[in-house]
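Okay, everyone, let's take a few minutes with one protein chain. Have a look at it first, and then I'll walk you through the fold and what sits inside.

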Amino acid sequence: MGKKIKSLKFVGARWQDRNGNTYHKVKVYVNGKLIGTSPVKYGYGTQYLYTGKAMLKEKGYLKSGSVSNWTLVKDMKIKVEDNVTDYPRKKDLNNF
């Protein structure tokens, strides 16, 4: 692990087009501070969490790209929070 993490928060946003394709964005907070917002990416379900973890790796907070929430909470003793909102319009996702 890179920089010291005590708490993580992933705030996701999703939008689905009329063809059923889902897109997302995620804001990542480390120790209560926003470290970044992803661009719009393709991916449904909890894909926003994988995008968020990739951001943590890019910014030097994690050395491993495939760290599960279970590992973060149990092994690393990090408080992890996540929530996601589904938006009805693409415009809402872009403004997230």
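So, three helices and five strands make up the secondary structure of the protein chain. Those are DSSP runs, numbered from the N terminus: helices are H or I with at least four residues, strands are E with at least two. Starting at the N terminus, you go β-β-β-β-α-α-β-α.

Quick housekeeping. This is a predicted model, where local features need pLDDT of at least 70 and side-chain atom pairs count only at pLDDT 80 or more, while totals for chains, interfaces and linings use all residues. Residues are numbered from 1 along each chain as its sequence is written, and side-chain values use heavy atoms, leaving out hydrogens and water.

Now, how much of the protein chain is buried? We get 36% of the 96 residues, with buried meaning under 20% relative accessible area, using a 1.4 Å probe and protein chains only.

On to the largest nonpolar core, which has 15 residues. A nonpolar core here is a set of buried Ala, Val, Leu, Ile, Met, Phe, Trp, Tyr and Cys residues joined through side-chain atoms within 4.5 Å. The members touching the most others are Ile-5, Leu-8, Phe-10, Val-28, Val-30 and Leu-56. Two or more residues each come from β1 (7–16), β2 (22–30) and α1 (47–58), and α1 gives the largest share, four residues.

Apart from that core there's another, of five residues, including Val-11, Ala-13, Leu-93 and Phe-96. And generally, in soluble globular proteins, nonpolar side chains tend to be buried together.

Notes. Buried means under 20% relative accessible area, exposed over 50%, partly exposed in between (1.4 Å probe, protein chains only).
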